[in-house]
Amino acid sequence: MITNEHQILISTIETYRHYANQPIPYDIESCYHDSHDEILHITPYFSTIDLVQLEELTYTRSFTYSLKSRQLLFTSNVTPIHKNLVRRLASPNGKYLALVTNETKGEQELQYVQIWHDEHLIFGYEVNNKSNTSPHGKILPKNDYASFFEWSPNSQYLIFTAEEKRKTLKSYFTAEKLDVDDEISQSASIYRENWGEQMEIFETSIVCLLDISTKQVKIIENQPEDLYFGQCTWTTNSDELILVAFRLKPYRLGLIFCENRPTALFKCNWKQNQWIQLTEFDEICRLFPRHIPNKQNQFVYLQSKIYGAHSQCQQLILFHTDTKEEKILIDRIDNVNYSNLNSASFTAEWDTQFKGLYVSFPLRCYSSDGRYLLLRSKSSSRIVLYIYDFLEQTIRCIDSPLGVNTSLIGLAIFGHYVAVNIVDFRTPFRLYIFDLKALYENVNGWYSITEHQYKEEEKHQFQWKLDRFFPDNESIPVESIYVHTQNIESKRPLLVWIHGGPNSSISLNYMVDAVAYISLGFDILFINYRGSTGYGQASIDKLLGNISKTDVQDCHEAIRRCLEYTDPNRSIILYGGSHAGIIIGRLIGEYPDEYSLAILINPVTDLLHFYVTSDIPDWTLAQSVNRPFDFQNGRNHFADSSLMEYFIERSPIRLIDRIKIPILLQLGKKDRRVPFSMGLRYYECLKAKNIPTKLYIYDSDHAIREVANDSDIFVNTILFINECLHL
């Protein structure tokens with residue numbers, strides 16, 4: 001006989017399996033059209049999840065489309081991408097393909113580089129510490145901040161970052177022999193600094209170049225010491241590069257999701273091994289340089305202020321390398337003006353005005369003539385797309401052909417065509433092409449290539465409504481999105497989804513967990529409190545020095561408005577991770593009788609613990625007391641008793657005695673952003689107070705993104721909710 005618990009488990013697994021295996025396009029390998037602009041060939045990269053082997057899969061699939069008849073002519077079968085792939089990049093002319101793979105032979109982990117020309121393997125070598133062909137160590141995997149792998153515009157050179165070659169360190173007593181020339185100071189246990197959370201493999205970085213014509217690999221010499229080069233763009237001169245450098249001294253802070261670190265721009269002539277510093281390490285963080293095609297000595301980048309919030313509204317800067325002149329093309333948006341400050345609950349309309357830049361460029365971000373630059377950003381709770389026109393010196397919004405109730409994810413520009421994925425909460429992909437010529441012509445520039453095919457019963461399964469209100473009589477909004485089934489007769493629990501950061505946001509996008517929760521009987525309230533990105537810099541600055549106060553008030557009011565709009569007596573489940581731990585921990589302590597249950601994933605529960613142990617101690621100072629970080633004092637503010645007391649006072653663990661509801665904790669034991677020990681101490685305090693508590697531990701980092709772990713978290717969450725609330 002199948003028990004109710006067993007039925008819930010089976011339903012949970014099958015529901016998650018159904019929504020998790022939906023493919024999502026995330027990049028474009030190639031796109032070209034014939035000389036008459038009639039036939040388009042496009043090959044996107046897709047990702048999906050295999051819940052049998054518990055791994056993420058990637059593949060390519062090619063489409064041939066008639067621009068003239070607006071019909072799809074041909075669709076290829078999928079071409080799976082090898083799971084041991086480190087790097088894969090097609091050259092700009094489409095003739096070459098560079099591959100880097102990891103292979104295991106016995107106990108050895110080896111790396112191989114291959115260069116393909118059409119169907120021929122024209123060059124390859126093994127990366128190891130003994131090979132003369134390979135002057136470098138392992139090639140670094142993809143990372144937005146700490147590695148690069150890019151073809152030159154003429155497709156003749158490949159620039160990339162790799163580790164330095166180094167000897168395998170052993171115990172002094174297991175070494176086969178000790179040569180007089182060996183360095184004996186390097187113990188096998190020596191600590192190697194790295195970039196912290198999710199970036200521990202990024203220790204050293206050397207800039208290397210592969211010459212296709214000579215089939216030679218070289219290290220670019222004279223690389224400045226005590227710097228780490230993590231981003232790069234080619235200039236129109238195939239001998240020159242623009243690079244972003246991070247300081248290594250006195251020590252490193254965590255880098256992932258921290259676009260506020262001091263950086264400097266360099267120009268490098270690789271043939272002459274010459275490095276020229278273009279900017280100082282000043283109060284500005286300069287990231288994501290992209291050289292303008294057909295323009296000598298000009299490139300753009302995004303910049304924001306150092307320290308403070310880790311994600312900010314950015315400026316688009318034009319830089320002239322010959323004069324070192326910096327010109328603001330798009331300034332940051334501080335304040336956003338809204339026309340209606342007093343709308344009733346969940347009657348707000350999507351606000352489409354430009355609210356600033358918050359997202360990096362895609363790799364292929366220019367039209368072939370260099371006139372247009374593709375800009376991805378956020379506008380309130382939507383992902384949006386803009387084009388900067390260098391000729392007109394204006395920014396233009398690309399409006400969705402499906403209306404404002406969707407988000408646009410820009411993938412790449414090829415020639416004058418933009419590849420776009422149009423999404424919403426229930427749709428993982430709609431692959432469209434937009435013709436940039438339509439910007440100044442009264443024609444429909446959109447072409448639908450392919451899209452997700454619904455089952456008929458899923459097509460209109462649920463819908464969403466937007467709420468917007470303005471606390472404290474200010475013009476900075478709080479937005480929430482209520483996603484619910486069309487069946488309003490049944491009484492469904494409300495799952496309140498609060499994002500971390502705090503300088504991030506939840507956008508109108510497909511999320512596997514969200515659609516699965518709704519299919520299993522929950523409605524969801526997503527909240528973007530003040531401090532979220534996409535609402536202007538004033539919203540981000542509002543939270544500096546005010547976490548565990550402003551964000552908590554905003555979320556409590558957003559929940560109250562939703563209950564008033566729907567049903568004040570429904571069960572409320574609070575769900576979130578990282579910074580959301582502060583908000584949820586304060587909510588269940590300050591309002592112990594108003595919530596039913598809490599789900600916490602790697603939560604921040606103790607600000608003092610965070611300040612002492614996290615890889616980003618500057619976050620605690622900025623968000624708690626709006627104080628800048630300096631390396632000289634670093635974490636050494638213990639003599640400031642008022643600061644230490646404030647950390648303790650505003651921490652969720654301070655309210656542990658007031659908590660009454662069950663709590664599920666799910667922690668990654670390799671987490672360096674919110675160290676595992678913090679969640680473990682919180683768990684112990686809850687157990688000491690006899691609070692119904694369960695703890696799951698994963699061999700993972702802060703994100704807990706692995707398929708096996710992520711899917712396990714979903715199932716454990718459903719089982720815990722059912723166990724406590726008896727749904």
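This is a predicted model: local features need pLDDT of at least 70, side-chain atom pairs count only at pLDDT 80 or more; totals for chains, interfaces and linings use all residues.
1. Strand S12. This strand covers residues 157–162, and six of its six residues are buried, so S12 is largely enclosed by the rest of the structure. Tyr157, Ile159 and Thr161 point one way, while Leu158, Phe160 and Ala162 point the other way. Burial therefore applies on either side of the strand, as all of these residues are buried.

2. Partners of S12. Strand S11 (residues 149–151) pairs with S12 in the antiparallel sense over three bridges. Strand S13 (residues 206–211) is also antiparallel to S12 and is joined to it by six bridges. S11 and S12 form a hairpin with five residues between the strands, in which Ser155 takes a positive phi near 65°.

3. Strand S4. Residues 63–66 make up S4, and both of its faces are covered. Phe63 and Tyr65 lie on one side, with Thr64 and Ser66 on the other, and all are buried. Strand S2 (residues 39–50) runs antiparallel to S4 and is joined to it by four bridges; within this pairing, Ile42 has Phe63 as its bridge partner.

4. The S4–S5 hairpin. Four bridges also join S4 to strand S5 (residues 71–75), again in the antiparallel sense. Thr64 stands opposite Phe74 of S5. Four residues separate the two strands of this hairpin, and Arg70 in the turn has a positive phi of about 55°.

5. The S23-S24-S25 sheet. Three strands, in the order S23-S24-S25, form an open sheet with antiparallel pairing. Strand S23 (372–379) and strand S25 (394–397) stand at the edges with a single partner strand each, so one side of each has no neighbour in the sheet. From one strand to the next, the twist averages 30°. S23 is joined to strand S24 (residues 382–389) by eight antiparallel bridges, and Leu374 stands opposite Ile387 in S24.

6. Helix H7. Eight of the nine residues of H7 (residues 617–625) are buried, and the helix is mostly covered. The buried residues are Pro617, Asp618, Trp619, Thr620, Leu621, Ala622, Gln623 and Ser624. These residues pack against four helices: H3 (537–543), H5 (580–590), H6 (607–613) and H8 (641–649). Asn626 follows H7 and has a positive phi, near 55°.

7. Where does His310 lie? Its place is in the loop between strand S20 (298–305) and strand S21 (315–320). With a relative accessible area of 7%, His310 is buried, because the cut-off for burial is under 20%. Its side chain makes a polar contact with the side chain of Asp618 at 2.8 Å, and Asp618 is one of the buried residues of H7. Beyond its neighbours within four places in sequence, His310 is in contact with Phe257, Cys258, Glu259, Asn260, Arg261, Asn503, Ile616, Asp618 and Trp619.

8. Asn421. This residue is found in strand S27 (residues 417–423). Is Asn421 buried or exposed? It is buried, with a relative accessible area of 1%. The side chain of Asn421 reaches the backbone oxygen of Pro428 at 3.4 Å. Residues up to four places away in sequence aside, Asn421 touches residues including Ile24, Pro25, Ser407, Leu408, Phe429 and Arg430. Pro428 is also among the residues that Asn421 touches.

9. Helices H1 and H2. The axes of H1 (residues 4–20) and H2 (residues 512–519) come within 9 Å and cross at roughly 140°. The two helices are therefore oblique to each other, and H1 passes H2 in a right-handed crossing. From H1, Thr15, Tyr16, Tyr19 and Ala20 take part in the contact; they meet Val512, Asp513, Val515, Ala516 and Ser519 of H2.

Technical notes:
Residues are numbered from 1 along each chain as its sequence is written. Side-chain values use heavy atoms; hydrogens and water are left out. Buried means under 20% relative accessible area, exposed over 50%, partly exposed in between (1.4 Å probe, protein chains only). A polar contact is a pair of N or O atoms within 3.5 Å; within protein, one must be able to donate a hydrogen and the other to accept it, and residues adjacent in sequence count only if both atoms are side-chain atoms. Contact means heavy atoms within 4.5 Å. Two strands pair if DSSP finds at least two bridges between them. Axes are lines fitted to C-alpha atoms, for helices over the stretch in contact, and angles run from 0 to 180 degrees between N-to-C directions. Angles under 35 degrees count as roughly parallel, over 145 as roughly antiparallel, 65 to 115 as roughly perpendicular and the rest as oblique. A crossing is left-handed if the near helix is turned anticlockwise from the far one by less than a right angle, and right-handed if clockwise.
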